[in-house]
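I opened my notebook to look up a few features of one structure. My entries follow in the order I worked.

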Amino acid sequence: MADILDYCKDLKTSRFKPGQVILPKGERRGKLYVLVEGQVEVIRERAQVTHVDEPGSLFGEMAVLLDMPHSATVKALSDVTAYEIPDALTFLDGHPEFSLHIATMLARRLYYTTSYLVDLQQQAAGKRQDLDLVDQILASLIDPDKAGN
């Protein structure tokens with residue numbers, strides 16, 4: 001499969017300064033962005049969910065595909081250049097190879113999220129002693145009096 005940036009080479013680029021909001025939570029813009037260079041953060045409930053600096057990363061795909069407002073804010077941490085796809089649904093309809101790339105990325109994300117949830121469930125049920133040990137170590141770093149519990 002070709003690199004996602006190859007599909008974008010004829011698209012308009014947008015530039016963002018550090019601190020500038022690229023996609024605001026709660027709005028529907030119908031846009032999709034593909035990171036060319038720079039660093040962004042994804043913020044949800046005033047907490048940074050992730051930091052992204054990988055060229056080819058996508059922003060706005062969930063809102064576009066689910067026809068809903070953005071569930072998080074995407075903000076530039078550095079100077080950012082990104083390809084802008086203003087009418088994303090129309091673009092995706094005409095570029096099935098791009099849509100396949102997005103589907104693959106979302107499937108990978110779902111796989112890792114599901115694996116993480118299973119680990120959390122096993123930890124909560126006491127079936128993952130290795131994760132329980134990590135919790136004990138972290139607790140002892142916060143409160144040394146609890147070390148050994």
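**Entry 1: terms first.** I needed to know what a helix is here before placing any residue. A helix is a DSSP run of H or I with at least four residues, and helices are numbered from the N terminus. I also noted that this is a predicted model.

**Entry 2: helix H2.** I looked up Met62 and found this residue in helix H2. Met62 has a relative accessible area of 36%. Buried means under 20% and exposed means over 50%, so Met62 counts as partly exposed. Glu61 lies in helix H2 too. Glu61 is buried, with a relative accessible area of 5%. Which residues does Glu61 touch, leaving out those up to four places away in sequence? I listed Leu32, Ile102, Met105, Leu106 and Arg109.

**Entry 3: a surface patch.** I then searched for nonpolar side chains on the surface. Met62, Leu65, Leu66 and Leu89 form a nonpolar patch there. Together they have about 370 Å² of accessible area. Which element gives the most to this nonpolar patch? My note says helix H2, residues 61–66, with three residues.

**Entry 4: aromatic rings.** How many aromatic pairs does a search of the whole structure find? I counted four. I took the pair of Tyr7 and Phe98 and checked the geometry. Their ring centres are 6.2 Å apart and their planes stand at 75°. Planes over 60 degrees apart count as edge-to-face, so I filed this pair under that heading. Tyr7 sits in helix H1 (residues 4–8), and Phe98 sits in helix H4 (residues 96–124). The pair therefore ties together parts that are 91 residues apart in sequence.

I checked accessibility for both. Tyr7 is partly exposed at 22%. Phe98 is buried at 0%. Next I looked at Phe91 with Phe98. Their ring centres are 5.1 Å apart and their planes are at 85°, so this pair is also edge-to-face. Phe91 is buried, at 12% relative accessibility.

**Entry 5: strand S8.** Is strand S8 enclosed or open? I went through residues 80–85, and six of the six are buried. Strand S8 is therefore largely enclosed by the rest of the structure. I then asked which way its residues point. Val80, Ala82 and Glu84 point one way from S8, while Thr81, Tyr83 and Ile85 point the other way. All of them are buried.

I looked up strands that pair with S8. Strand S1, residues 13–16, runs antiparallel to S8 and is joined to S8 by four bridges. Ser14 stands opposite Ala82 in S8. Strand S3, residues 32–37, is also antiparallel to S8, with five bridges joining the two. Which residue in S8 is the bridge partner of Val34? I wrote down Tyr83.

**Entry 6: positive phi.** I finished with backbone angles in two loops. Arg46 has phi near 60°, a positive value in a residue other than glycine. Arg46 lies in the loop between strand S4 (40–44) and strand S5 (47–52). At 85% relative accessibility, Arg46 counts as exposed. Asp67 has phi near 50°, which is again positive in a residue other than glycine. Asp67 lies in the loop between H2 and strand S7 (73–76). Asp67 is exposed, with a relative accessible area of 54%.

Technical notes: Residues are numbered from 1 along each chain as its sequence is written. This is a predicted model: local features need pLDDT of at least 70, side-chain atom pairs count only at pLDDT 80 or more; totals for chains, interfaces and linings use all residues. Side-chain values use heavy atoms; hydrogens and water are left out. Rings of Phe, Tyr and Trp (its six-membered ring) pair if their centres lie within 6.5 Å; planes under 30 degrees apart count as stacked, over 60 as edge-to-face and the rest as tilted. Buried means under 20% relative accessible area, exposed over 50%, partly exposed in between (1.4 Å probe, protein chains only). Patches are made of residues with over 30% relative accessible area and no salt bridge: like charges are joined within 9 Å, nonpolar side chains (Val, Leu, Ile, Met, Phe, Trp, Tyr) within 5 Å. Accessible areas come from the Shrake-Rupley method with a 1.4 Å probe; for residues, only the protein chains shown count as cover. A salt bridge is a side-chain nitrogen of Lys or Arg within 4 Å of a carboxyl oxygen of Asp or Glu. Contact means heavy atoms within 4.5 Å. Two strands pair if DSSP finds at least two bridges between them.
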